[in-house]
Amino acid sequence: MADKLDPLAVSPAECARLLGISRPKVYDLLHQNDFPSFKLGSRTLISVDGLREWISRQTQAEVNI
């Protein structure tokens, strides 16, 4: 049996679910230059590794305030 791969990128709806925020908030974040999103054809996707790094930076920014 083949091992199941973890996703490398997720949709805005899945990103919202993972972060526990609304989809409209994710669409707001998509307009930020540092948010790890990219286009693949007409789809907008969010890099899972990039999202983890982005969360880490947000956490560090809060600690430094």
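Predicted model: local features only at pLDDT ≥ 70, side-chain atom pairs only at ≥ 80, totals over all residues.
Figure 1. A side-chain oxygen of Ser47 lies within 3.0 Å of the backbone nitrogen of Gly50, at the start of α3. Helix α3 covers residues 48-63, 16 residues in total. At 1.5 Å a residue, α3 should span 22 Å. Its end C-alpha atoms are 23 Å apart, which agrees.

Figure 2. Val48, Gly50, Leu51 and Trp54 are buried. Seen down the axis of α3, the buried residues fall within an arc of 150°, so they line one face of the helix. An α-helix has 3.6 residues a turn, so residues three or four places apart point the same way. The elements covering the buried residues of α3 include β1 (9-10), α1 (12-19), α2 (23-29) and β3 (43-47). Arg52 and Val63 are exposed, and they sit on the face turned away from the buried side.

**Figure 3. The largest pocket.** The volume of this pocket is about 160 Å³. Its lining consists of Asp6, Pro7, Val10, Leu18, Val48, Leu51, Arg52 and Ile55. Helix α3 supplies the largest share of that lining, 4 residues. Val48 and Leu51, which are among the lining residues, are also buried in α3. Arg52, another lining residue, is exposed.

**Figure 4. Leu40 in strand β2.** Strand β2 runs over residues 37-40 and includes Leu40. Is Leu40 buried or exposed? Leu40 is exposed, because its relative accessible area of 55% is over the 50% cut-off. Between Leu40 and Glu62 the C-alpha to C-alpha distance is 32 Å, and the two are 22 residues apart in sequence.

Methods: Residues numbered from 1 in each chain as written. Heavy atoms only, no water. Helix = DSSP H or I, 4+ residues; strand = E, 2+ residues; numbered from the N terminus. Expected span 1.5 Å × (residues − 1). Buried < 20%, exposed > 50% of the residue type's maximum accessible area, 1.4 Å probe, protein only. Arc of directions from axis to C-beta. Contact = heavy atoms within 4.5 Å. Polar contact = N/O pair within 3.5 Å; in protein donor to acceptor, adjacent residues only side chain to side chain. 1 Å grid on protein atoms, 1.4 Å probe; cavity = no way out; pocket = protein on both sides within 12 Å on 5 of 7 lines; lining within 4 Å. Points joined across faces, edges and corners; volume = space filled by probe spheres on them.
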